[in-house]
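Subject: Handover of a protein structure

Dear colleague,

Please find below the sequence and structure that I am handing over to you. The findings follow directly after it.

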Amino acid sequence: MKKEIGSEFWTVEQTAEKQHLFNAFKRNQRFFLSGRTALDFLIKNIKAKKPIRKAYLPSYCCHSMIQPFLDNDIEVIFYEVLIKENKLMIKVDPNVECDLFYTIQYFGFVDEQLDDFIRKIKQQGKLIVEDATHSLFTAKAFHTEADYVFASLRKWTGLPGGALVWSNETLYAPASKTDSNKAYIEKREAAYRLKRRYIEGEPIEKKAFLTLFDEAEQMLDKDYRGYGCGQEIQEQIEHLDIAKIKKNRQENAAFLCEKLRFCKDIELLYKAVKQDTCPVFVPIIVKKHQRDPLRAFLIQQNIYCPIHWPISPMHKLNVGTEALYKNTLSLVCDQRYEIEDMTSIVNAIIQFFERK
Ligand SMILES: Cc1ncc(COP(=O)(O)O)c(C=O)c1O
């Protein structure tokens, strides 16, 4: 077996029995191909009932969260998410005119900063959309005030697709295709197969599956609207081994936080992992413009940590909000790994700064 930490998954952790994962949410539920497909659907669902002109989104986001609004002719305005005194600070303007407020609990860590604001804008009759992609397996997965909640599962495990929408509102039938985007799914599954063989030690060029993953993402970027996720993926989601996903991630993330708390060259964006928290990654702020050199050093040690998120022309940033994108690194803590692997990450980070 090849030992690498991070990057794309190659397996899906399954249980024999069905998990009834999201029954606790007690809301109407529907499956989709991807997070952006789910978002496009819920926007259309809202628009069928009342017009929305302006959406208020966080400046710290993925382009795929902005795209569905623009594609549905909705103006997007951003509230600032930035680092202040080594903590994440969210600056919403209560006087901003908008019809829809978009909220997210980053990386799965519960953040109470917006609780009062969310209660207030709910009283004003504005719609609240919560992106639970990162917080799906945290006990408080979303605010009860949220009118629509959605989450993409592609980031949690080796599923080629899969996202859900939950709402107390009636969810209309998707307008067009109920099947998945087959060309995209096939491309991604081919990439998983190749990566699996590579990890199992076959002489496979890395570039071969990395290109397939890239091509698949480009296909999704171009053609994401109106797709369901297909029966097979739905069944995989319903049999996900959530207990394992939660346990390993909590333990791994808690270990990283504990060991890195005193590293003076970085700062943890969230200082500890509570029992009810299931992180998707452990974000750190890397001081003195060392984020990219640290990331490159970790890659040399076969540790692949993503950056959230690439900046696109759809983003509208200023010096403060851009700094968050430029200085943070997301440490891998997922269910493929154990404490021994987390020790490798910690040691590599310490080694990088000791060499300086
Ligand atoms: C927080 C968050 N929400 C939504 C999305 C969109 O999900 P998908 O890539 O499945 O369309 C992403 C994608 O990176 C994301 O990070």
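If neighbours within four places in sequence are set aside, Leu331 is in contact with Leu256, Leu260, Phe281, Val282, Ile284, Cys305, Ile345 and Ile349. Please bear in mind throughout that the model is predicted.

Over the protein, 55% of the 356 residues count as buried.

As for the overall fold, the protein contains ten helices and 13 strands. Its radius of gyration is 20 Å, close to the 21 Å that the globule rule gives for 356 residues, so the protein is as compact as a globular protein of that length. The C-alpha trace spans about 60 × 45 × 35 Å along the principal axes. Among contacts with a separation of 6 or more, 72% are between residues 24 or more positions apart.

I would next draw your attention to His308. This residue is situated in the loop between strand S12 (303-304) and helix H9 (319-327). Is His308 buried or exposed? His308 has a relative accessible area of 8%, and the limit for a buried residue is under 20%, so His308 is buried. Not counting residues up to four places away in sequence, His308 touches Tyr60, Phe107, Phe281, Tyr325, Thr328 and Ser330. One of these, Thr328, is 20 residues from His308 in sequence, while the C-alpha atoms of the two are 7.5 Å apart in space. Phe281 is in contact with Leu331 too.

For background, most peptide bonds are trans, and most residues other than glycine have a negative phi.

Lys26 has a positive phi, near 50°, although it is not a glycine. Lys26 lies in the loop between strand S1 (5-6) and strand S2 (28-32). Its relative accessible area is 72%, and Lys26 is therefore exposed, as the cut-off is over 50%. Asn302 is also a residue other than glycine with a positive phi, in this case near 65°. The loop that holds Asn302 runs between helix H8 (291-300) and S12. With a relative accessibility of 33%, Asn302 counts as partly exposed.

Finally, I would mention Cys263, which lies in the loop between helix H7 (242-260) and strand S10 (266-268). Cys263 has 14% relative accessibility and so counts as buried.

Yours sincerely,
A colleague

Technical notes. Residues are numbered from 1 along each chain as its sequence is written. This is a predicted model: local features need pLDDT of at least 70, side-chain atom pairs count only at pLDDT 80 or more; totals for chains, interfaces and linings use all residues. Side-chain values use heavy atoms; hydrogens and water are left out. Helices (H or I, at least four residues) and strands (E, at least two) are DSSP runs, numbered from the N terminus. The radius of gyration is taken over C-alpha atoms; the globule rule is 2.2 Å times the number of residues to the power 0.38. Buried means under 20% relative accessible area, exposed over 50%, partly exposed in between (1.4 Å probe, protein chains only). Contact means heavy atoms within 4.5 Å.
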